[in-house]
Amino acid sequence: PTDNASAAKVAGSYKQNYEAYQKRISLALEELKKSGANTEKIAVIGYCFGGSGALEAARGKLPVVGVVSIHGGLAKDAARVNEPLSAKILVEHPADDESVKPEDYAQLVKEMNDGKADWQIITYSNSKHTFTNPASPDYNAVMAMRAWNHTLMFLKEILK
C-alpha cells in the first residue's frame, strides 16, 4: 500500500478473512525455517497490523513458542470460537488507544482465559496507538523503551 487509506483497505480484508492472514503468516514462517531458523525457538512480534498478526499466529496454532502484539488490533469476529492457545502471549497495549474498543479488550482476555493461555497484557499510561513510533506525534519515549524492555524480557524467557 502507498498510503493509509490503501493500507487500511488491505488490513481490513485480512481482518475479514483471517484464514488468508494466517496463511500468509504461515508462509513467512516457512521461509524463515528454510533460512535455517531454529524451529523450536520462533516467536512472532508485530506492531499495529503486525500485532494483530501476532495474535492470529497464536489463534491459528502456528508453530511458534510465543507472540508479542505491540499496539495491535485485539478484536476477532464474535462468530469465531475461542480455542486452546499454546503460544505464550504478550500484549503491549497503549492505555489511550482509540482504535481498540473496551469490549474488544475484554473479549481478548476472555479468549485467552478460555484458551488456557500463558498470557499477559501490559498497559502503558499516557500512550496512544502509535506510542512506539518516533516519527509519530504520539510517540512516548519512556513508554516505548519500557515496551521494548518488556519484549526483550519476554523473549529471553520463552526462547531460553
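**A parallel sheet and its helices**

Strand 3, helix 4 (residues 102–114) and strand 4 form a β-α-β unit that is right-handed, meaning that, with the strands pointing away from the viewer, the path from the first strand over the helix to the second runs clockwise. Helices (H or I, at least four residues) and strands (E, at least two) are DSSP runs, numbered from the N terminus. This is a predicted model, in which local features need pLDDT of at least 70 and side-chain atom pairs count only at pLDDT 80 or more, while totals for chains, interfaces and linings use all residues. Residues are numbered from 1 along each chain as its sequence is written, and side-chain values use heavy atoms, with hydrogens and water left out.

Within that unit, strand 3 (residues 88–94) runs parallel to strand 4 (residues 119–124), and 6 bridges join them; two strands count as paired if DSSP finds at least two bridges between them. Along this pairing, H93 stands opposite T123 in strand 4. Both strands belong to an open sheet of 4 strands, which has the order 1-2-3-4 with parallel pairing. Its edges are strand 1 (43–47) and strand 4, each of which pairs on one side only, and the twist from one strand to the next averages 10 degrees. Strand 1 pairs with strand 2 (residues 66–70) in the parallel sense over 5 bridges, and here I45 stands opposite V68 in strand 2.

Helix 3 packs on this sheet, touching strand 1, strand 2 and strand 3, and its direction makes about 155 degrees with that of strand 2. For such values, axes are lines fitted to C-alpha atoms, for helices over the stretch in contact, and angles run from 0 to 180 degrees between N-to-C directions. Contact, here and below, means heavy atoms within 4.5 Å.

Helix 3 (residues 49–59) also meets helix 2 (residues 18–34): their axes come within 9 Å and cross at roughly 90 degrees. The two helices are therefore roughly perpendicular to each other, a term that covers angles of 65 to 115 degrees. Helix 2 contributes Y18, Y21, Q22 and I25 to the contact, and helix 3 contributes F49, G50, S52, G53, E56, A57 and R59.

One of these residues, E56, is found in helix 3 and is buried, with a relative accessible area of 5%, where buried means under 20% (1.4 Å probe, protein chains only). Leaving aside residues up to four places away in sequence, E56 touches Y18, Y21, Q22, I25 and R80.

Terms used
Angles under 35 degrees count as roughly parallel, over 145 as roughly antiparallel, 65 to 115 as roughly perpendicular and the rest as oblique. Buried means under 20% relative accessible area, exposed over 50%, partly exposed in between (1.4 Å probe, protein chains only).
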